[in-house]
Amino acid sequence: MASSASEPESRELHPGCVVLFLLPFAATGVVMGVMCAQRVRDGNWKEAGLAFVFAFIFGTVGFGGICGMAIGWRKLKAEAAFKATNPNSPWKWRSDWAAGKIESSNRSRVVTIWVFSVFWNMISWTLTIAFAIQNVWKQKPAAYMVLLFPLIGTLLLVYAVYLTIQWCKFGKSFLKLLTVPAAVGGKLAGAVETSVKVKPADGFIVRLKCINQVTTGYGRNRHTTENTIWEESKTHVHDLLETETGRCGVPVLFDIPPDAQESNSGTLRNSFLWRLEIHANVPGVDYDAQFEVPVFKL
């Protein structure tokens with residue numbers, strides 16, 4: 001039996017520490033919410049508006065972060081149970097991997113970009129409005145640089161809308177694996193099934209990548225970069241699979257190099273993953289889907 005994924009480093013913050021960090025944000029959101037109500041009662045709509053914005057920002061960070069931490073903690077406990085049951089079979093630590101049916105990450109991408117873009121825009125537009133109220137630009141023309149932040153926020157919103165339209169147009173896609181897991185030195189075999197009929201004139205481009213994720217810094221200075229260390233792509237035009245009416249099947253078959261890295265190998269801050277990407281040029285919004293796939297030594 002091959003080696004399982006290595007245990008992550010234990011240098012990350014404990015959930016309790018993160019909650020303690022988020023509590024001041026939640027408290028500030030409550031205080032600013034009360035201040036907003038007081039300003040509305042006094043008829044001071046300008047200060048009420050600013051107080052509402054700050055209440056929304058701090059409240060979202062605080063209460064949203066705490067809720068997210070609670071959900072994430074339950075997920076980690078469930079993963080720990082899978083690991084305890086299958087210590088030498090890391091592909092069984094995820095229910096979708098174990099079942100051989102993996103949903104595309106498109107939905108999570110839509111949620112992530114909306115959360116990030118809304119948060120970015122709330123902060124950037126609050127700063128811009130505050131600068132305008134204080135007439136900072138007249139005193140310091142260099143302050144016009146702050147306008148770059150709402151411009152970036154607008155571009156983020158446009159991208160979020162694009163991903164949302166793509167999600168509404170194509171819905172869920174699933175990768176059904178014949179090889180669970182794909183073996184290092186073996187093959188990754190299966191098929192991607194769309195939820196709607198997609199007939200691209202140029203076919204589907206299917207790409208398999210091995211990616212090295214490197215995380216540096218901690219807390220607000222934490223940054224993760226992705227470096228592709230191996231990839232291969234294939235185009236499927238006339239060899240699409242017969243599926244149910246209103247669906248489309250795209251074959252997946254790749255040879256995994258014998259010296260390849262396993263999924264989740266390395267450390268928490270320097271890890272490896274395998275990602276299957278599929279793309280098709282179609283009228284309007286193009287089809288795109290991504291799947292994280294299990295590749296291990298057997």
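This is a predicted model: local features need pLDDT of at least 70, side-chain atom pairs count only at pLDDT 80 or more; totals for chains, interfaces and linings use all residues.
F56 belongs to a nonpolar patch on the surface, which is formed together with F52, W114, V118, V161 and I165 and has about 500 Å² of accessible area in total. The elements that contribute two or more residues to this nonpolar patch are α2 (45-85), α4 (106-134) and α6 (148-170).

The secondary structure of the protein chain comprises six helices and eleven strands, and buried residues make up 35% of its 298 residues. Among the contacts in the chain with a separation of 6 or more, 70% are accounted for by residues 24 or more positions apart. The protein chain exposes about 17100 Å², of which 63% is supplied by carbon and sulfur atoms.

A pair of aromatic rings is described by the distance of the centres and the angle of the planes. The count of aromatic pairs in the model comes to eight. In one of these, the ring centres of W91 and F296 are 5.8 Å apart and the planes stand at 50°, so the pair is tilted. This pair links distant parts of the chain, with W91 in the loop between α2 and α3 (95-99) and F296 in strand β11 (residues 295-296), 205 residues apart. Both W91 and F296 are buried. A further aromatic pair, formed by F170 and Y287, is edge-to-face, with 5.2 Å from centre to centre and 85° between the planes. Here too distant parts of the chain are linked, since F170 lies in helix α6 and Y287 in strand β10 (residues 287-293), 117 residues apart. F170 is buried at a relative accessible area of 6%, and Y287 is likewise buried, at 1%. W91 and F296 also form one aromatic cluster with W97.

Side chains of opposite charge can pair when their charged atoms come close. A search of the whole structure finds eleven salt bridges, including one between R39 and E47, whose closest N and O atoms are 2.8 Å apart. Both partners are partly exposed, R39 with a relative accessible area of 22% and E47 with one of 37%. In the salt bridge between E193 and R247, the closest N and O atoms are 3.4 Å apart. E193 lies in strand β4 (residues 187-194) and R247 in the loop between β6 (223-236) and β7 (248-255), so this pair ties together parts that are 54 residues apart in sequence. E193 counts as buried at 16% relative accessibility, whereas R247 is partly exposed at 26%.

The side chains of E231 and R207 also meet in a salt bridge, at 3.2 Å from N to O. Because E231 lies in strand β6 and R207 in strand β5 (residues 204-216), the pair ties together parts that are 24 residues apart in sequence. E231 is partly exposed, with a relative accessible area of 42%, and R207 counts as partly exposed at 25%. Elsewhere, salt bridges that share partners join R94, D96 and E292 into one network.

Both R207 and E292 are in contact with R275, as are L208, K209, I211, E226, Q290 and F291, when the neighbours of R275 within four places in sequence are left aside. R275 lies in strand β9 (residues 270-280) and counts as buried at 16% relative accessibility. The side chains of R275 and E226 are joined by a polar contact of 3.1 Å.

How values were computed: Residues are numbered from 1 along each chain as its sequence is written. Side-chain values use heavy atoms; hydrogens and water are left out. Helices (H or I, at least four residues) and strands (E, at least two) are DSSP runs, numbered from the N terminus. Buried means under 20% relative accessible area, exposed over 50%, partly exposed in between (1.4 Å probe, protein chains only). A polar contact is a pair of N or O atoms within 3.5 Å; within protein, one must be able to donate a hydrogen and the other to accept it, and residues adjacent in sequence count only if both atoms are side-chain atoms. Contact means heavy atoms within 4.5 Å. Patches are made of residues with over 30% relative accessible area and no salt bridge: like charges are joined within 9 Å, nonpolar side chains (Val, Leu, Ile, Met, Phe, Trp, Tyr) within 5 Å. Accessible areas come from the Shrake-Rupley method with a 1.4 Å probe; for residues, only the protein chains shown count as cover. A salt bridge is a side-chain nitrogen of Lys or Arg within 4 Å of a carboxyl oxygen of Asp or Glu. Rings of Phe, Tyr and Trp (its six-membered ring) pair if their centres lie within 6.5 Å; planes under 30 degrees apart count as stacked, over 60 as edge-to-face and the rest as tilted.
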